[in-house]
Structures are given as C-alpha cells and as structure tokens.
Amino acid sequence: MSAVSIHGLSKIFKGKRGTKVVALRNLDLEIGAGEIFGFLGPNGAGKSTTIKTLMGLITPTSGRALIMGKDVSSPEARRHVGFLPENPAFYDYLSAAEYLTFVGRIFKMEAPQLERKSEEVLKLLDLWDARKRLMRGYSKGMVQRVGLAQALLHDPDVYILDEPMSGLDPIGRTLVKEIIQDLKQRGKSVFFSTHITSDVESVCDRVGVIVKGEMKCVRRVDEIADGGITGYEVRHIATGSDSPESITVSTSDLPAILSELQSAGSHILVVEPIRKNLEEFFVDIVRQE
Amino acid sequence: MKNVAIVTLKGIFRDRIFHGILVNVAFFVLIPSIATLSMRQVTELSLTLSLSLVSFILLLLSIFLGGTLLWKDIERRYTYSVLGLPLTRGRYLLGKFAGTAIFTLFVSIVLGVATYLVVSWVSIIYPPERAILWGNLTVCILFEALKYILVIAVAFLFSSVSTSFFLPVFGTISIFLAGNVTQQVYEYIHSASGSALSPLVCQVAVGLYYILPNFSAFDLKVNAIYGIPISLSGTLLTFVYFVLYAAIVLGLAVLVLSRREMR
Amino acid sequence: MNRTIIILVLSFVSYISILGAFSRYMASRPIAEKLGYVPSVEVVKAVSADQKELVSAFFVTKVLLYFGGLLEKQQNELPIPPDYPAMSRMIHGAVQLDPYNMDAYYFAQSILVWDVGKVEIANELLDYGMRFRAWDWYLPYFAGFNHAYFLKDYAGAARYYEQAGRLSGSDLLKNLAGRYLQESGKTDMALAYLYAMEKGEKNPAIKKSFRTRMMAFQEVRHIEIARDHYRQTIGRLPATVEVLIQEGYLRTPPVDPYGGHFYLELDGRVATTSKFAFVSTKSVGKKNKVQGAH
C-alpha cells in the first residue's frame, strides 16, 4: 500500500470579484512505503496547497488523495501522519511538554507511553531543558523543533513536513537531516517540501518538481546525479609554479588533457566531476516555463 | 473535544482574563455606598447594581472571548497545527465552546458569591422591607450565565464565517441588542397600537422574533431584585429553549467551519 | 537621559504646586447637575438591553442628585427654578423601564405632588405601580393620602387606605380616611403624614424637603389655632394675619420657610404667597438663567 497517493488532484481558488486562481492542476503522485520524497518548487508553486489538501485543511476542487489508503477528507487519514506545518505556530500559552501531552491525547496514546515518547522527542530535539517554559518565550528555531517533536511523538508511519528546515540554524538543519535518515532506516515514509535543493540532494530518494501548480517531473535523485556529469575540474601545480591552478575540461577531452599535464610534469592534485547538480536541474525546469 | 476544552481553558487563564475579571470584581466594593443613594430600596438597589455588574462583566466576556477565540486561532495559524491532528472541525469547535462555556460558568459562580456577600452585608445594615429570596438570586445568576453562553454560541457562529474579528464582535453585539427587544416588539405589534403597522412589517418582525435568540426570557433580574416568584415551568421551558437554540447555532457553526478552507 | 529626568522632576514639581489651586477651583465650581433630555423610552428600553433596572435606577438617581443640588443652591441663595417637567419625565421613564422601582414612586409622591401639585399624574403613577408592586402597602397609602388631602375624595381615600391596611396588616391605616374627614383636620393630617415620612427618610435632600414643609405646616397650624381662638372670642373671622399678631392671638409673627408671607383667604383658610414651594423667585431665576448662558 502506498503511503500517499494523489490522483488527478486540482484546486481552484476563487478570488475576489469572481477571479479564479488555479493552484493545482491535475496532480498525480504515489509515494511508496519507506520512501523519502522531496517536493521541490519555487515559492507559490502549490507545495503548501498540496500539503494542506493532504491534511484536510482545504478541499480539492477535483481528484482525490489518500494517506495509508484512507481518503484525506476523513480525520482517520491523519491518524497515521506526523504533520509539520510551514512556519508552524502552536498554542503559545502552553509549554512544549503540555503541548505534546495535548497532541498525544488526541492521538489516543496511553499515558505511560506518552510520557516516555514525550521525553524521548524532547531530548532528541534539544528541548528538554525548555520543556516547562511557555512557548511564547521560544525562538523561531525552537518552535520549529517543537513542530518536529509533535510530528514524531506518536511514531506514525507517514511524515508530512512542510519546509522542515526553515527557521533552523545549521546545527538544526543537520539534525533534521539525521532524523529523516533515521526515519528512512526504520522504514517510514517522508514527504517533505522545500525550495532548497541541497536539502533534497542529501536525504531524498525521489524528487518531484512543481511549477505553477503542475508537477513537471518526478525523478530519482541518484539518476539526476549520475546522468548529469558535464565535465571535470582538474586542479594541478604546474612545473616552476608554487600555486595550484584549476582547469575545466569536457568529458571527452579528459584523458588527453590528463596525459598532457602528466607529460608536462605538472603535479595533479584532484580531478572532480562537474555534475549538472539538482540546483541546475531545478532551475532548468523552472526556466522552461 | 475534552482535550481541546482543557487547552482552551488553560489558554483563557494563562492569558490572564480571569485576572482582568478580578479587577472588575473590585467594583463590588463600591456597591454598598452607591446603594445608599436610594431613598426607599437600598437593598434592592444593591441587588440591581450587583446583578448589572455581573451581567456587564459576562457580556464583555462573552463578546470578546466568543468573538476572538476562534479568530485568534485562525489568525495566529494555530488551526494548521491543531486541525492537522486527527480531530474533526466539529470536535475542535465544540471543544473551544465547551472551554469558554465552563469558564463563563466559573466566572458566574465567582461573581455570584460576590453578589451574595455584598447584598447580605447591605441587607444587614439596611434591612429590606421584603426578605431577599436567595433562591431567586441563584436562579437569576444561573440564567444570566446561560444567556451569555448563548451569546458565545452566536459569536462562534459569526467567527466560523468571518476572517476578521469585526463581524464576530459587532455582529454579536447587534444580535445581543436585537435579542433583547424582540419580545418587546412582538408584544407591541400584537397590541392595539401595533395594528396600524403594515402587515409586511409585522410579518418581518414576527419572523425575526422566531429566528433571533430571545434573551429577555433569561432575564430574571426583576424576580431576584424584588423577590417576585419565579415560574418553575417557565424556567424549565427557557432551559430547554437554551439547549435547543445553542444546539442549532453550534450545529450551523460546525457546518460552516467544516466547509471552510484553511488557506 | 539627564534631560528627561530634569523635565520629569520639573513637571512633577509644577504639578504639585498647582494641585492646591486646582482642587480649590474644582471645589468652588457651581454644581451644574442638569437633567438633560430623556430620549424616547422605547429607544432607551431597546438600548438598555438587559440592564433596564440599572437604567431606571440611574434615572431616579439623576433626578435625586439634581434635586439635591437645587436645595443646596437655595441655601446659597441662588434660586433657580426647578425643571419639574423634566423631573416628571425622568420619573415616568424610570417606571416604564422598571415598574418595580420604589424610589421613583416615592420621589414622585414626595416631591412632585407637593411642589408641582400634579396630583392626578401622581395618582396615575401610583395606580400603575400597584399593578406591579402588589405587595407594597406604601403605594395605596400614598394614593389614599392624595385622595383625602388634595382631592378631598374621601370615599376613594378610604378604598386605598383599606387596601394599604390589608397589605400592611395594620388597622390604623383603615381608619385614617375617616379620622380626617373634616377640613379642620387637614393640616393635622398633613403634619402627621409628613412627620411619618420625614422620620423614615435617609436621603438628606428629601429629608430636608420634608422638614421644610413640616415647618411651614406647623406655622399654618399655629395661625389656624389663633384664627379659631379669635373667632370664638370675637365671633367673626379675623381680616388678616397681622390682626392676629396685633391683638396678641399669635405670640410671634409666622415665618414661611419658603420665603413667602402668610395671609388669610376670604373664607378664613390660611395661605401663603410662596404656595409652599421655592418657585416664588421666578424672575430672579430667569435672570440667572440668562447669565448662565453667557
């Protein structure tokens, strides 16, 4: 069974004075169990609309979406999901610990299990010391970490994370990547949106690019990487010089250039493939529009 | 629903709304001295003033809590995190309503105790001609609480439609004022002087009479102040009216909120 | 930073220095208690929502403060004609908002009846009140007094007194109407009534108004006694009050606390130019009003 399946999903927002804005157009997507899926797109492309539809926050104009085989119009679909909204906000008059208790009770967790898991996720996200303080005193990064904590709390099979890295410092971003990799190892499915390609590159199995409400392509991340070596950068120290210099060569020229440099007595430091990286891949797709 | 109610209550207390009410309770201290302005009914005036203060505080509470609680959740984007949980919109709304209603009842009890203290003190100094019927006073304050809980339900209905707090707050105030005069208007158009009105006006007025909440039914102040007997069947009927009207208003609110897009 | 502190200290010192003068000025300001305009009772009823009793009490209090302020001004010899119609309108508004408000009926009975002489209006008000305050013996008692004293409708008075007696459980009230049937007993009846009212009164303004009226009626009673004495000895009515003083029937010249002077009507009834109210200085009052407008 797919973790998430979306069929022909469209969403048209009715604006003021009868104008219509097509936010999503005929979207299809399957995310398998144990898969990490990165949802990439520029701002306003429809990432959040897709996620809000999955979470039942907005109703699709047509098409349907299922989570773990359950239609998203039912709250039951959200029972197996850990959801992190974009720039989340939580009842700021509660402490992190109280909020987790609230969330755990709604997921019908047993009290001892709730207490154990609550402690675990608070420690994991470095919120243990701040757990009794009211969230209105938290920094943006701390609130983001509370968001991750409440998504992880009930150990669901599916995670839907809207911009999980935003608002975090480099240490926090690394922590989130580690958490996602750990989830993958435990066979969980993760669907996360971002507009930062490096986030996707390091953790995702597959990536989908959405532009102006349409899914432009869905690819395996390693395919993009393998298929995209456009040349090599060769760094060497020429004879009679003390500083290294770099030259860029095409794939076909590489063997000839290398032997040339060797025969000239240059000291070759490093040969690096230049990949058409995800960023360029992404920019290319967006520019085609 | 229970969990949402608990969290709502916590929020109300942590936002220091109860502290604000306690400040208003300080006005009770002034009532005995103001009541002596009366020539012939010091105790009655102290009851009038106490009950007015009670309903005024409850009115402010119901309009501002009822009008802003849902709006604040949406405005501050709490709804994304809460409605992303396996919780129906209905349970969410009813939970919020239950929390607010429980708080209103709690405040009514506190204000009721203050009224008891003030009035019994005044009645010791200026013994009233007619004995105070404490039972009437209790029933009166209970129905005040019910009335304002109904006001909160109306405010929730407006909140479920609106994206700002203007409609909930001002809409609720209008409904509150209108709901207090419908009975008067209804009696007027059925009186001799009302027959001069055009039939259309009468029909509209009668229609509004049945649609708008009839808040005058909950007003038992006169019975509490002047010790006039309260009709048991009348209060029971009013209570049933409260339950049904609140159910209808909340049902509509749930319906509207469930269809609402949380963009 | 330092400048802020200096400004603060300077302001504070200046504030303290003017406080005394300011509060003296505020205390010396004339009381400008005005009754103002009562909008349509229907509108007030609608707007006061579930606070009708409070608004009613507010109306009565406003009338009372206005009246109290007037008395104070009279003491300071600043006669201003009381706006009786406005007071009456307010009282009527008050009982329409809260038909149980005893203060309103009481004020109407205490002030409006005596000072304005609108007995019929007061009786209507009392009848209206009796429909609501069905337990209260004061209202029929007031109505009974009005019928007997002002309207000389002794049958009507007896009916009301009986009702008052039934409600209070006191036989005394039932006999009241019969006791003062004669014209000669009228002043005694008024004095007895005023004495009872004055005794039960807490509000200083109202109490004072009762006391003034009692003083006037006591003077009337003195003149009446002297007049009757004169008639018994001489065989005819005296021509004037002055005759009674000259001939030694009255030991001291009577003083009207309302500022008028007593005289005898042709049929011998004692009357006063003040008509037992502070309205005799109307012309002065008018002048005052004009001055006030500047």
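Which side chains meet in a salt bridge? In this predicted model, the side chains of B:K147 and C:D50 do so, at 2.7 Å from N to O. A salt bridge here is a side-chain nitrogen of Lys or Arg within 4 Å of a carboxyl oxygen of Asp or Glu. The count between chain B and chain C is 1 salt bridge.

The extent of the pairing is tabulated here.

| Chain B with chain C | Value |
|---|---|
| Residues of chain B in contact | 29 residues |
| Residues of chain C in contact | 30 residues |
| Area buried between chain B and chain C | about 2,500 Å² |

Contact means heavy atoms within 4.5 Å, and buried area is the accessible area (1.4 Å probe) that two parts lose on being put together, summed over both. Carbon and sulfur atoms carry 58% of the area buried between the two chains. On the chain B side, B:M39, B:R40 and B:Y226 lose the most area to chain C, together 32% of what that side buries.

Chain B has an average pLDDT (the predictor's confidence in each residue, from 0 to 100) of 89, and 100% of its residues score at least 70.

C:I16 lies in helix α1 (residues 2-28) of chain C. C:I16 counts as partly exposed because its relative accessibility is 46%, between the limits of 20% for buried and 50% for exposed (1.4 Å probe, protein chains only).

Residues are numbered from 1 along each chain as its sequence is written, and chains are lettered from A in the order in which they are written. Local features need pLDDT of at least 70, and side-chain atom pairs count only at pLDDT 80 or more, whereas totals for chains, interfaces and linings use all residues; side-chain values use heavy atoms, with hydrogens and water left out.

Technical notes:
Helices (H or I, at least four residues) and strands (E, at least two) are DSSP runs, numbered from the N terminus.
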